[in-house]
Amino acid sequence: MNLNAVDATLNKSQIRFAIKSAYPFKRFLNRFDQNGDLVIWYPRYYLTVRIEMDTYLKKGLQYSDLVAVDALRPLSERVTSLPEFSGNYSGEGIFPEPKISAKDAEKEAIDLIKGIVLSRNKLLKDYHIECTDSKLVHLKTFVVKLKNRTAAEWLYIDEHFQAACAVQKRPEILNCLKSC
Amino acid sequence: MEELTIGNWAWFWLIFFIVGTLGIGVYAMTKTKTDEDFAVARKSYGPYILILALASTIASGSTFMGIPGLAYDKGFPALWYPAIYPIGIYLGLILSVQLIKRAGDTFRSNSLPEFLGQRFDSDFLRVGFALLSLLLIYYVTAQVVAAATAFEVMLGVDYTWGVIVTVIVIGIYITIGGSHADILTDAFQGGLMLLIALIITVMFFLGTGTEGGAAGINTAIEAQDSSLSWDNYFSPGDPIFGSFWLVLLMFIAHLPFAMNPHIGNKAFALKDSAQLRKFLIMAIPIGSILGFAVLGGLHARALIGPDLRPDAAIPALFIELFPPAIAAFLGIAILSAIVSTADGLFVSIAVIFSNDLYRKTFAHKIHPHKSEKKIEKTALNISRVATVITVFVAMWLAWNPPDFLAVLLWIGVGGIMSGAAGPLVIGSMWKRSTKPAAIASFLVGVISYASMWLIVGWQNPFGAAGVCVILASIVMIVVSLFTEPMPEEKLNEIFSPVRK
């Protein structure tokens, strides 16, 4: 399989953190026994956006920015760098199909930067924003199965963003599990 | 050589402040030559910088003048205010900011009124909250009054000239463009204010100028009026600090404070949602330290006596305790508090006109053939004109100010919070909230607050806002339970968005 894959590892402290985040009150009363895990290769677009702008103080400002667009959820954010790819990768795990095309991701990235440029520059005169590069990246994330719990109660751990929650809070992951 | 007076030093530091602020602006702009990004200020939106920017926005002229003025006038019972309000404000922020940040990112909300409209799928709520937010003009006015009072006391200029000088200073400040400039100046001012609040606190506990530390201050105040001493937990008969219940109302009133458009929008600026936890953990202690500035009001009462105008307590304390050069420099902290808040307010008011009213509501009706790009350009021009008009309206309102800044400020803020409590705070936490309930709660909050002022004539803005926040919250919950829940699909869009 040919794709931009970004590796990650899962350890016990991450699972403990995930339980704490997902079940802050229940964890004292219930023991959560792990029952294996699943790998989800989470799709994200990384786009390089070029901005040209004139302000009343300075003309011809140019620079590039990097935006990550979630391919499963309507979320995008500015990031400082591209994640490190592990090159062409063939491996086990679930590969959710991106729900948007690269073109749509471009539009969202431009929209995000436009909103920030407009709201933060009081002396803005003119601007032009375009997308110059786009990459679809698959980030390795994990679903930790819990014994005697439904799939919705399992844990979802995204090491790249230090995020952990119950799967029911991430319906797009739950959909992936159901369709497997 | 003749010794320089405090007025000379104050002018010196004022010029230093203006030149310094402009310098930061120009320095920030030169960063665009490199890979550093001008428009969005990469690497500058971490939780530390942002918490200082947030603290400087929340701490206004009222923090260093109006609230210490209350303590100066009402003695130790006024300490309830700094003990209560940071907890109320930041608890409200913690309860609702996560959803607002996530959903705001999803919907690209440029303002809280826009977010509110999206949350409940309601144009009425967006336009209503936007129009209500115009009451922020009183907030701006309070900042101008605070600055002019500081100029009057410290520079010795006539109050009306103080208003004019203030408007010019704010005018210079808000024309500094660029994200780096905006963030750096706000964070710099936040740091400066934190330092000054700490100095005021340390001075109070050391009892500088009196004997016996804080107990010495209490003794001096007790000698003037025994009802002001620390043996009195409340001031019986006082409309603000009269009883436990009034203090409780004050706490409730502050819960939705962070929903003011110029404060809540800071959440949209955070670079990464993962930083939200650190941001919130730091928010309460930093905010609380700024609240300690109130101790300066008690200190001034002990040292100077009862004849000052209350709002002038802190400037007068500085003059009393410090050599002219340092006292005048401390005045700059007040100016920092004022301009950092005024800046955010001007932007918020401008966004109400350009985004919430023009771009989102009327643009497609009055300019149906204009391209999106042209509409955005018009919106940008509208925001500039709105900023200038706001400056002049604030100047006009500040010409004849009332006694207490905190009260003036709350004429606007209380109305906004009464309206926001149900739809924004409860609506952010409770999925079951419905659109009719949000509209009913908004209307009840606003109308009841206006009635408290105009018909009942209750002279306690915190109490009035507290009662209205409770009323609006009850209406939100009861009407939600009796009306059709919002479609599951819409709720998922807000609380756990997925692409179709």
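The structure is a predicted model, in which local features need pLDDT of at least 70 and side-chain atom pairs count only at pLDDT 80 or more, while totals for chains, interfaces and linings use all residues. Residues are numbered from 1 along each chain as its sequence is written, chains are lettered from A and ligands numbered from 1 in the order in which they are written, and side-chain values use heavy atoms, with hydrogens and water left out.

**Chain B as a whole**

Select chain B, which has 22 helices and 0 strands. Helices (H or I, at least four residues) and strands (E, at least two) are DSSP runs, numbered from the N terminus. Of the 500 residues in chain B, 61% are buried; buried means under 20% relative accessible area, exposed over 50%, and partly exposed in between (1.4 Å probe, protein chains only).

**Asn218(B)**

Next, select Asn218(B) in helix α10 (residues 213-224) of chain B. Asn218(B) counts as buried because its relative accessible area is 5%. Neighbours within four places in sequence aside, Asn218(B) is in contact with Phe76(B), Ser229(B) and Trp230(B), where contact means heavy atoms within 4.5 Å.

Turn now to chain A. A salt bridge is a side-chain nitrogen of Lys or Arg within 4 Å of a carboxyl oxygen of Asp or Glu, and the structure holds 9 of them over all chains.

Select Asp65(A) and Arg78(A), which form a salt bridge with their closest N and O atoms 3.4 Å apart. This pair links distant parts of the chain, 13 residues apart: Asp65(A) lies in strand β3 (residues 61-70) and Arg78(A) in strand β4 (residues 76-78). Both Asp65(A) and Arg78(A) are buried.

Arg73(A) is buried, with a relative accessible area of 16%, and Asp70(A) is buried at 2%. Select Arg170(A) and Glu172(A) as well: with Asp70(A) and Arg73(A), they are linked in a network of salt bridges.

Continue to Glu153(A) and Arg149(A), a salt bridge with its closest N and O atoms 3.6 Å apart. Arg149(A) counts as partly exposed because its relative accessibility is 21%.

**Cysteines**

Select Cys131(A), buried at a relative accessible area of 17%, and Cys165(A), buried at 15%. A search of the whole structure finds 0 disulfides over all chains, a disulfide being a pair of cysteine sulfur atoms within 2.5 Å.
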